[in-house]
Amino acid sequence: MTGPAEGADVAVVGGGPIGMSIAWRCARRGLRTALHDPAPGSGASSVAAGMLAPVAESHFGEAELTRLLVDSAARWPAFAAELTAVTGQDIGYRTDGTLVVTLTGDDRREAERLWAYQRSLDLPITLLRGTALREREPALAPRVRGGALMPDDHQVDPRRLVGALDTALDRAGVTVVPQPVTDVSALDARVVVVAAGCGSAALTGLPVRPVKGQILRLRAPGGAVGFRHVIRGYADGRHVYLVPRADGEVVVGATVEERGDTIVTAGAVLELLRAAADLLPEIAEHELVEAQAAARPGTPDNAPLLGWHQQPGVGSAGRGGGGTAGREVLVATGHHRHGIVLTPVTADLIADMAAGDDPDPALAPFRPGRFTAANRELAGEEQPWS
């Protein structure tokens, strides 16, 4: 339902999957909840591919983030089942797994270094030769030299997810306020949660920056996609992924650009299609349906910001607000490339805190306070972060 939200227990600012899921979880806990966003579901999630990839997205030096990814991915089956049961809507959750494939010897060596690191974390990976890969996916190019199966890396359709969450919010009695928020201290709520993606920087003073991503949507001839796994590939030094949907759509992505515009460029489209076709030649015959760009919310260490944060300003209103500058808010932002996979764990743990629980120890590495002035000085950084 829409309208004003006076005296809510929880006000959530930001209507992406993270914010919507937090609002849903809060309402399910019996909290009077309002979601503030002019157009829920219209941000980065409308462009996202929806890969739930705790293994493939684990990178060197990010062991704590990997643990959070694995935790959240393990919550996805129950989260998807509950959301489907509440709404009766299919969110495109699929468990076919992910194949990571390499095209050249250099690609293989680059991938093997990362696979060795991932296996050192006891992540489930099965190494496969080229023939074994093509037995699983005959559409792969003959040049594919080898790869790995990551059976626990799944997918969901973010657009269907947002549609289902919209229905779930309505049925849970969440009030949707379709106006932008420019000052969280003005919100009449016991607890304010800032989950506004790139917009969180202006609302909190935290170092959240836009990271541009360009993505393509194709449609298979006759609506029949010729592969079932998510394919993540190294193609002569270029990284690409292909995500098959049951309705005949194939999502191809994505660029990672340190810029904030949302212009689709010819060069990005060319590079994505070239890399994708090198791995799966059949996609050259697919219809190009959409080319889009969006800004992901990144942080200096590529990890999310999760927990209580004292707003900059004169004085402190505390967690209860009171309309003065400097109130303490809950922050759930900076998810970068991991917003969809981290949705369940973020929603559960932030909603627990909004309800009055102590922070879960799993959130300690992601506290917003890690970017305080003292921590920046120790790191030798000079950025004007608050």
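Contact here means heavy atoms within 4.5 Å. Helices (H or I, at least four residues) and strands (E, at least two) are DSSP runs, numbered from the N terminus. Axes are lines fitted to C-alpha atoms, for helices over the stretch in contact, and angles run from 0 to 180 degrees between N-to-C directions. The views show a predicted model, in which local features need pLDDT of at least 70, side-chain atom pairs count only at pLDDT 80 or more, and totals for chains, interfaces and linings use all residues. Residues are numbered from 1 along each chain as its sequence is written, and side-chain values use heavy atoms, with hydrogens and water left out.

**View 1. Helix 3 lies across strands of an eight-stranded sheet.**
Helix 3 spans residues 105-120 and runs at about 30 degrees to strand 6. Strand 4, strand 5, strand 11 (230-235) and strand 12 (238-244) are also among the strands that helix 3 lies across. The sheet is open, with mixed pairing and the order 5-6-4-11-12-13-10-14; two strands pair if DSSP finds at least two bridges between them. At its edges are strand 5 (126-129) and strand 14 (287-298), each pairing on one side only. From one strand to the next, the twist averages 20 degrees. Looking at one pairing, strand 4 (residues 98-102) and strand 6 (residues 146-150) are antiparallel over five bridges. T98 has M150 in strand 6 as its bridge partner.

**View 2. Helix 1 and helix 8 lie across strands of a six-stranded sheet.**
This open sheet has the order 8-2-1-9-16-15, and its pairing is mixed. Strand 8 (175-177) and strand 15 (305-310) are the edge strands, each pairing on one side only. Here the twist averages 25 degrees from one strand to the next. Strand 15 and strand 16 pair in the antiparallel sense over six bridges, and G307 stands opposite V331 in strand 16. Helix 1 (residues 17-28) runs at about 170 degrees to strand 2 (33-36) and also lies across strand 1 (8-13), strand 9 (189-194) and strand 16. Helix 8 runs at about 175 degrees to strand 16, and lies across strand 1, strand 9 and strand 15 too.

**View 3. A salt bridge joins E57 and R337.**
A salt bridge is a side-chain nitrogen of Lys or Arg within 4 Å of a carboxyl oxygen of Asp or Glu, and the structure holds 25 of them. In this one, the closest N and O atoms are 3.2 Å apart. The partners are 280 residues apart: E57 is in the loop between strand 3 (51-52) and helix 2 (63-87), and R337 is in the loop between strand 16 (328-333) and helix 8 (343-354). Buried means under 20% relative accessible area, exposed over 50%, and partly exposed in between (1.4 Å probe, protein chains only). E57 is buried because its relative accessible area is 6%, whereas R337, at 29%, is partly exposed.

D348 counts as buried at 15% relative accessibility, and R75 as partly exposed at 25%. Salt bridges with shared partners join R25, R28, D71, R75, E82 and D348 into one network.
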